Amino acid sequence: MFINRNTLAFKIISRVLIISIILGMVTISVYYFYTRNTIEEMTRNNAIFLAENTVNEIEEVVRPAAKLPENLAWMIEAGSLPKDSVLPFLTKLVRHNPTVYASAIAFEPYMFSPERKFFSPYAYRNNGKVDTTYLGGENYNYFLMDWYQIPKTLERPYWSEPYFDEGGGNVLMTTYSVPFYQRKNNKRQFAGIITIDISLDWLTDIVNDVEIYETGYAFLISSNGVYVTHPDHGNIMNETIFTRAKKLDKPKMREIGRDMIRGKSNLTSINLDSRGDVLVYHTRLESTEWALGVVYPHKEMYANLREFNWLIVIIGFIGLTLLTFFTFRIINNLTKPLTKFAKSARKIAGGNFNVALPQIKTNDEMQELHNSFEYMQKALADYIEHLKETTSAKEKIESELRIAKEIQMGMIPHIFPPFPSISELDLYAMLEPAKEVGGDLYDFFLIDDKHLCFAIGDVSGKGVPASLFMAVTRTLLRSLAPKQQSTKAITEALNKSLSVGNESSMFVTFFLAILDIETGEIRYTNAGHNPPLLLRGNGEISYFDITKDIPVGLFEDYTYSEMVMQVSPNDRIFMYTDGITEAENQQEELYGEKRLKQFLTANPSFEPSELVTGVEEDVKKHVDGNVQSDDLTMLCVIYYGR
Amino acid sequence: MINHRIELSTFTTLFSLRRNFLRASVVAVLLLLAGGAAAQKPTLTFVPQWLPQAQFAGYYVALDRGFYQEAGLSLQIRHPRADVSAMELLKKGEADIISSFLLDGIKERVFGEPLVNIGQLTQHSSLMIVTKKKRGITKLEDLNGKKLAIWSSGFDMLPKALLREKSIDVEFVPILNTINLFLVDGVDAMTVMFYNEYDQIINSGINKEELNTFFFNDYKGFDIPEDGLYCLKETYQNRKEDLQKFVEATLRGWEYARAHKDYTIDLVVAEMNKAHLPNNEVHQRWMLDKMLEQIKSGDKEVKKGRLLEEDYYRALNIIKRETEDARQMEFPSLNEFYKPLAK
């Protein structure tokens, strides 16, 4: 299955899978160790039971046999065994006790009789009957033999190390020796040793009969660590547990062996190369002081658990595979609409609002998403529809505004020079609206042959209302001016006409002047406009007086004043609106009157057209590309005189 | 139950010799009969001083590899039995060559047996006294008043001489051949061979850290060589050439054993199995290693197979000191006793 790592399904499954695997592992581990412990505990109990049981089985044979020499020792000490009946007694003892292979009573030198250094009657089995003889002689100095010397020295019974008896058909034997004592001269003194030889065949059988799984086994070692029984027969009597430990290089085995010969009971584990890890329990045979071990191979102890574990792992693996498969299917089914929604969204973004949405039959988050999509589709369509209408309306308005601007600009005289036939003066003007249509105005016209009327104004506000107001103002000016002789009268008439019904309270700052072409006398009225500059032909520069009159259009009965001044040839009058001085650059610095004055002063000989275009360039330089916020309007008149 | 020091190699008694001793004379007769077979090649019968074990590995190797045959010898190796020692076989003429401890060899000569040493195999003493640490014997002097197990069958001269020299009074407990009395704490200490009983003690579950040891070769004048080769004076005079070939081939066998230990151990184990002796590889390997060390000259200036003059007189001195009626005895000179045949 090809899996894209970026899909939701992959992300969910990979996380779920990791968590599932971790949970599974934890569960299996807990289960495994718990069960393992239980098995170990059971095996431990089993091992202890088995070992102790086997030991008891052995002891049941050994103890009664051991009683024989012990009782005999007591009989001799008590004097209840006459000297001449020793040999017949031994013969009977051997005959009647099948576990006893042979028996001897070995006396200390000259203890039995002053003539005999060696005296040791001996009864033994020989081809089904019991024969007798006497032990001892120069070639058989029994006083130095372990079976005699050790119990004598230790003053307690002694079980010999096991040995192979060649005479008895190469059977494994052990000898149990019990010291006996006699009273001589009122003193209890050591008199000799009573022995029984016991064949260990039955013992080997008991231990070999212990069955532990397939390859588990029991083994017996002597008090020197010699193998008495072992599944590997080559070890018996040849090896001790210690030589084997050395050969296999298993120091732990030596430790176990040491514990065993010291009579400790213990459960421990060790690795035997050939059998792997094994559990060993060992315990002591109290009578002979030998030790029995039972060996449980881990492999077999935990075989069921291991099989079961594999089963769990396989089931778990299959389960996880199925889980992955179905989760993948389910998530894919659930999220399939998402992909479709994504496609729809892309189409919608491309402008196709009517694209078909995926069909959702479930009543869940997908349904909600579907609804939202549907709503969005509809809302978008509506919005775009509305937008289209609005845009077309706006476009219409904009085109109308463009026409309005053209009309407005058409109203303003813009043919320069305007009066080529009049040599006494020249003028130049410009109006650069901030928006499509502006609220600034200028105008000039001849009232009669010798009177030039010129004006500049600034309507409050901007845009269409301002431009309409400006158009009205200009139209009124044109119609009123020829009828009146003074700027005051014109302004007042203008004011009256504009104020009446001026519900939007618009107003115009307005500067109006009439120049007598012949005399150079100028009469003017300034209705709230910033004072124009007078540039004298000799280079002097000065403002017109600051007006105290208010802009027109506010109070219909306001009385304006008229001023008179005389201009000389080459004097220039420079009029402007505040759009010039308040032009802002990006640092919000105003162009300012100071810079305007500087420019004008620096160019005393400029013609009106040069001055106006010069100032415009200077302002543009100042604003340096910043958005023009107000109309720029300038009007300059030069008087040459006659 | 055993009546001889039979199982140098193991820890257990081998046979119920209560009855075996009855049969011992029969065995001796059989040995006698076996000695009669003669081949075309000059025949030599060699009897090592004990039962098969790695102590005699070099002889088995030389025989198995055909070194004796290459030397033009037909060699038979016999082992002594319970009641007939190698020395007795030599005296009876049933053995042409035997191996024996130097002290035993000299002693026999002093007591009148006409034998000569024709080669000294080992150069050092393996004898040692071992004691369990829990007995609190940390120096030789601590043995004063303690029970020391010592073999009744010989090898007692050296310990006795050392203890006498050190004025240490111990109670000697004669034992036959096992380490059991020592293991069950029936004695405080025991004289053992480093190559043999010492390892048996270890192999019976006692750790070497639990033991204190006193090596005779650490005491000046007591590093007496052990295994040597002996024959009757008469044999030496008549068959000098054959004997020389035997000594050479034997030394060659030991050298081969040194270079092929695994093979040698297998051979020794096979030899022991043939004799129905309990055996295990671990102990035989230990014994072989120690024997090979003893054969090296060590700090002594002596050639392989040779007897150092000093060692001879040291041994002789010990015998003189330990023999009660030494004054009436004649002691052989080195030349009389030692007839070097090793090149």
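Modeller: A residue is buried if 20 or more other C-beta atoms lie within 10 Å of its own. Please keep in mind that this is a predicted model. With that cut-off, strand E22 (residues 632–639) of chain A is mostly covered, as eight of its eight residues are buried.

Colleague: Which residues of E22(A) point one way, and which the other way?

Modeller: Leu632(A), Met634(A), Cys636(A) and Ile638(A) point one way, while Thr633(A), Leu635(A), Val637(A) and Tyr639(A) point the other way. The residues of both sets are all buried.

Colleague: Which strands pair with E22(A), and in what sense?

Modeller: Two strands pair if at least two bridges are found between them. Strand E13 (residues 425–432) of chain A pairs with E22(A) in the antiparallel sense over eight bridges; there, Tyr639(A) is the bridge partner of Leu425(A). Strand E21 (residues 571–576) of chain A also pairs with E22(A) in the antiparallel sense, over six bridges, and Phe574(A) stands opposite Cys636(A).

Colleague: Why is helix H2 of chain B largely enclosed by the rest of the structure?

Modeller: Helix H2 (residues 57–64) of chain B is largely enclosed because seven of its eight residues are buried. Among them are Ala57(B), Tyr59(B), Tyr60(B) and Leu63(B).

Colleague: What covers the buried residues of H2(B)?

Modeller: The cover includes strands E1 (43–47) and E2 (74–77) of chain B, together with helices H3 (67–70), H10 (240–259), H11 (261–274) and H12 (281–295) of chain B.

Colleague: Which residue with a positive phi follows H2(B)?

Modeller: H2(B) is followed by Gly66(B), whose phi is positive, near 80°.

Note on methods: Residues are numbered from 1 along each chain as its sequence is written. Chains are lettered from A and ligands numbered from 1 in the order in which they are written. This is a predicted model: local features need pLDDT of at least 70, side-chain atom pairs count only at pLDDT 80 or more; totals for chains, interfaces and linings use all residues. A residue is buried if 20 or more other C-beta atoms lie within 10 Å of its own, exposed if 12 or fewer, and partly exposed in between; C-beta atoms are placed from the backbone. Helices (H or I, at least four residues) and strands (E, at least two) are DSSP runs, numbered from the N terminus. Two residues are in contact if their C-beta atoms, placed from the backbone, lie within 7 Å.
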